Amino acid sequence: MEGRAARSAPPAPVPRFERGSVVTVGTFDGVHLGHREVLREMGRRARRTGRPSVLVTFRPHPLQVLRPKDAPGLLTSSIEKKEILAQSDLDYAVFLPFTRALARYTPRRFVEEILVARMRVRDLVIGYDHGFGRGRSGDAGTLDAMGTELGFDVQVVPPIVAGGGPVSSSRIRKALLAGDVRAAHTGLGRPYSLRGVVVRGDGRGRRLGFPTANLEIRDSSKLIPGEGIYAVRAGLPAGTWDGALHIGPRPTFPGSRASIEVHLLDYGADLRGADLYGAEIRLDLIERLREVRSFASVAELVDRMSEDVRRARRILAEYRDRQSFPQTRSRMTP
């Protein structure tokens with residue numbers, strides 16, 4: 001269990017909540033707009049009652065334990081989730097180890113042993129589609145009945161609608177797999193991000209005049225967006241740069257392996273130096289420029305890469321001016 005989400009000090013044990021607490025429960029993958037509305041409602045109730053707000057979530061994702069082959073790619077790693085929650089008014093984030101034993105808890109046992117006995121819940125705030133307990137057999141009606149008996153109130157937060165439907169982690173994943181990072185941005189309320197460590201590549205980008213940093217995404221559970229070329233903002237230890245990101249195969253060069261590599265616009269070095277090897281880069285994906293395709297010649301590829309860079313510059317300049325994109329330009333689908 002973790003201590004106050006907003007503190008950077010080492011985690012402290014969750015204290016005994018003598019006056020009770022305001023609690024929410026869920027995986028909160030992505031901490032998207034719907035999740036953030038739950039957090040806002042918790043904050044309102046916490047301020048009104050003088051009780052601390054507590055988010056109870058799970059690590060790892062339940063499907064990674066129960067049905068690993070069906071587990072979705074994650075929108076946020078545990079570290080990313082903590083960083084996002086730290087920017088909210090949440091008082092505490094509790095990361096429960098999800099095990100097969102916990103999965104066998106009935107809804108009542110989970111509420112009695114976790115929420116009542118450990119968190120001393122007095123106000124429970126949940127999303128409209130919340131399910132919990134063995135087989136997700138518990139729902140808002142279950143909780144409302146138990147709350148009347150066990151002494152806590154239940155508040156159900158209605159869906160947040162954006163891009164033509166309720167915001168959900170599954171819709172955001174679907175958009176990302178289709179390469180629609182604008183739609184994902186609409187649901188998340190921020191750009192989707194990847195983190196990778198710079199590793200050695202084959203140097204082909206440098207020889208073509210577009211040196212790239214090859215990235216290894218070490219969190220195997222992290223969702224990788226669909227193949228394509230993307231305009232990105234790249235955060236390095238030395239600062240932030242605009243960039244053009246390649247995800248997927250390199251069909252113009254038969255036998256080449258698929259890669260994730262970013263060309264940093266106006267970066268001072270040629271990316272051969274050891275200054276970047278082993279460094280972590282955070283990429284905020286702003287817009288998909290095009291699909292990955294094979295070109296008839298290297299010269300044709302270089303011409304298209306030049307156009308990609310020009311488009312990336314225009315799009316990223318527009319993004320910096322607005323710091324967001326209008327929702328009317330999103331294409332998130334149910």
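Where is the place of Ile 217? I found Ile 217 in the loop between β9 (213–216) and β10 (228–236). Strands here are DSSP runs of E with at least two residues, helices are runs of H or I with at least four, and both are numbered from the N terminus.

I noted the basis before going on. The model is predicted, so local features need pLDDT of at least 70 and side-chain atom pairs count only at pLDDT 80 or more, while totals for chains, interfaces and linings use all residues. Residues are numbered from 1 along each chain as its sequence is written, and side-chain values use heavy atoms, with hydrogens and water left out.

**Entry: Ile 217.** I listed what Ile 217 touches (contact means heavy atoms within 4.5 Å). Not counting residues up to four places away in sequence, I got Arg 195, Gly 196, Lys 222, Ile 224 and Ile 260. I also checked Ile 217 against Leu 285: they are 68 residues apart in sequence and 15 Å apart in space, C-alpha to C-alpha.

**Entry: Glu 41.** I placed Glu 41 in helix α1 (residues 33–49). Is Glu 41 buried or exposed? Glu 41 counts as buried because its relative accessibility is 13%; buried means under 20% relative accessible area, exposed over 50%, and partly exposed in between, with a 1.4 Å probe and protein chains only. Its side chain makes a polar contact with the side chain of Arg 44 at 2.9 Å. A polar contact is a pair of N or O atoms within 3.5 Å; within protein, one must be able to donate a hydrogen and the other to accept it, and residues adjacent in sequence count only if both atoms are side-chain atoms. Leaving aside neighbours within four places in sequence, I found Glu 41 in contact with Val 125, Gln 155 and Val 157.

**Entry: helix α6.** I looked up which residues of α6 (residues 140–150) are buried, and they are Leu 143, Met 146 and Gly 147. They cover an arc of only 110° around the axis, which puts them on the same side of α6; the arc is that of the directions from the helix axis to the C-beta atoms. What covers them includes α5 (107–116), β4 (121–127) and β5 (153–157). On the face turned away from the buried side I noted the exposed residues Thr 148 and Glu 149. At the N-terminal end, Asp 139 caps α6, with a side-chain oxygen 3.1 Å from the backbone nitrogen of Gly 141. After α6 comes Gly 151, whose phi is positive, near 95°.
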